[in-house]
Amino acid sequence: MDKKRILICAGTGCVSSGSNKVEAKLKETIKEKGLQDDVQVVITGCHGFCEQGPLLIVEPEDLFYCRVEETDIDEIVDKTLVNNEVIDRLLFEDPQKKEKAKTFHDIDFYNKQQRLVLKNCGHINPENIDEYLAQDGYAALEKVLKNMNQVEVIEEVKKSGLRGRGGGGFSTGLKWEFTYKAQGDKKYVVCNADEGDPGAFMDRSLLEGDPHIIIEGMLICGYAIGADEGYVYVRAEYPLAIKRLQRAISQAEERGYLGTNILGTNFSFKLNIKAGAGAFVCGEETALLISIEGNRGMPKVRPPYPATKGLWDKPTTINNVETFGNIPVIFRKGAEWFAGIGTEKSKGTKVFALTGKVNNTGLVEVPMGISIRKIIFDIGGGIKDNGQFKAVQIGGPSGGCIPSELLDLPVDYDSLTQAGAMMGSGGLVIMDEKTCMVDLSRFFLNFTQKESCGKCTPCREGTKRMLEILIRITEGAGVPEDIEILKKLGENIKKTSLCGLGQTAPNPVLSTLRYFEDEYWAHIKDKKCPAGACKELVTYRINPDLCNGCTLCARSCPVNAITGEKKEIHFIDPDKCTRCGVCITKCKKGAIYLA
Amino acid sequence: MCQCCCSNQTVVDPKSQQLEEALKKYSGKKGALIPVLQEAQDIYGYLPEEVMVEIGEKLSIPVSKVYGVATFYAQFHLKPRGRNIIRICLGTACHVRGGAKILEKLEETLQIKDGETTQDLEFTLESVACIGACGLAPVIMINDDTHGRLTPDAVSKVIKQYQ
């Protein structure tokens, strides 16, 4: 038989779907059948197609199996490994075309992406430095250390046009230059891996799937700005990312990529991991630095910027995970090549976490400037359960909603800001007609209000008042003046808050007011929730034409709000009904509806 | 609780010994407070008052600051917690795919509210903003295991595995 290599995804998504068990069983079966010399089993980081996990790729054919279970292993070994047969049942079926795809190259979700930063994710073992080296790993570092001086490195980054991927979109090269020029006996590089946005997991996947690329990016930054020490601040909720990063750091130390006199040069660099302790505001750079110092993570007034006065008052460059992930790519391929991708002012690619009511959820890397329509319908495979697209929420609690009229909007920093949204860290949550936009605003405001550190009044008090109004509206107690107050309050909080959290907190409300003001009015004036999501504003009714009196709804109602004799039309008492929705899920005739 | 052996001089409480080791590891290091609190919480399961006092003394940090930091971050707990920690994700993706219904079902099954611990100290229930497994929404995490693609009906089956 041919030599085979089986890649099993061991990212958080697939592990929770049972990929560890699949891996163990596979190894055991291979041993039992004496195939160890012909088949190599490799664990990888996230392939990005989490919903279809556990995922398995068989090389060299690149066969792609999804939702693999332990019980499938015998068949995989006998048929695929020994006899080169394809098991049809395990192949991915395109939700729109209804066709099976044999390899991942045949799947639109993958072949319409442009993977630069995520290139290795899912294709190499993140726990083995040799696999990274085999993909030209640390070649960029070697090139930089041996052939370029600090200014040349910074110029190259500037020339690439790379802008920060954490949300703000500031020029990375300029940021580095400021730190390089700042006076200080010691300087730091900090990687912001405190991914707290609900609906975002790209930093997690990159750290889990290709930790060395982040280390390499940080090393190049350290050399350019003149730093000899760095920190990666990782969310404590990401234990697997921390473990993989730790392992990668010790391997890089063993091979001389970290430590003193790296690759025989005068450059030395030490890298530390700092586990966050759960505070969304620590994603804000000044708050993050204060948290590393061991304090409550409250933001500071800028200037001074971290570039001149950062960690322990030393000049510090702080970039996001994905930003560092781009650095080795730029130096491997050249700044000009990199600048050829994307739009005039937004260069390169952006990784998005595509989730919500979309068929293919997962990690998606696309060139800047691609339209939202392409991401959702070509790569994402369209809306789940044949639903109707309503809006996409982009950029998490700092971002906003983009309605269907703007589906052809190019995704880049400036277009999104103009449309009232924001790149943010890159969460894309797709919503269908069943999502209520007022309820969604309430959801985000509830989040930012809870996570406000409380240091400045507009954010602490303002978001609280906005939330109170939104709760009132979703409960049917809204008054017409609420709309004006929300707009005014929102604008003022944006203008007067101390840090990014407060400055962007009203965005979800303001953007939904901009595109979906009707829906607010329906709640306030008609006391109706058009999406049927706000509990207090919906009534469950029974359609007499469809009800056959099977009593299933009456028997499952927890508060006995449904009455009616057997084989006769039933009735729901709206006063008793708690709107739990059990009846609607139980009715086989589809006779219960929301009014 | 371990009060039983504290007064006995010949028996050393293994937990306080572990805490001492953690303090030793970080003594003199910059920014030690948060990692020490994290280790202390791993040892005790939560942060008892006397532990915070001791950490303050050993690191020469005012106890008020130790308390300030411990109450600022969501990760730290000042009350005993259950043997199994259930984190229910209410992030955006889970929200639009029915996370709230899962929370209701959990509250009903365990007879506790969000943030509470069952009387037998078996389960603690807490909602979180996102656990980064959005592709599997709605999702909960019990200890270090993630359970995704949940439905309200599946909740009690998942809970049973931990009882």
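Predicted model: local features only at pLDDT ≥ 70, side-chain atom pairs only at ≥ 80, totals over all residues.
**First stop: the mixed sheet**

Start by selecting strands E1, E2, E3 and E4 of chain A. These four strands make an open sheet, and across it they are ordered E2-E1-E3-E4 with mixed pairing. Next, colour strand E2 (39-44) and strand E4 (63-65) of chain A; these are the edge strands, and each pairs on one side only. Turn the view to look across the strands: from one strand to the next, the twist averages 20°.

Now select residues 56-59 of chain A, which are strand E3, together with E4(A). The two strands run antiparallel and are joined by three bridges.

**Second stop: the parallel sheet**

Move on to strands E7, E8, E9 and E10 of chain A. Here four strands form an open sheet in the order E9-E8-E7-E10, and the pairing is parallel. Which strands stand at the edges? Select strand E9 (270-275) and strand E10 (316-320) of chain A: each has a single partner strand, so one side of each has no neighbour in the sheet. The twist in this sheet averages 20° from one strand to the next.

Then zoom in on strand E7 (residues 188-193) and strand E8 (residues 229-234) of chain A, which run parallel and are joined by six bridges. To see one pairing, pick A:Tyr188, whose bridge partner in E8(A) is A:Glu229.

Notes. Residues numbered from 1 in each chain as written. Chains lettered and ligands numbered in written order. Heavy atoms only, no water. Pairing = 2+ DSSP bridges. Axes fitted to C-alpha atoms, helices over the stretch in contact; angles between N-to-C directions.
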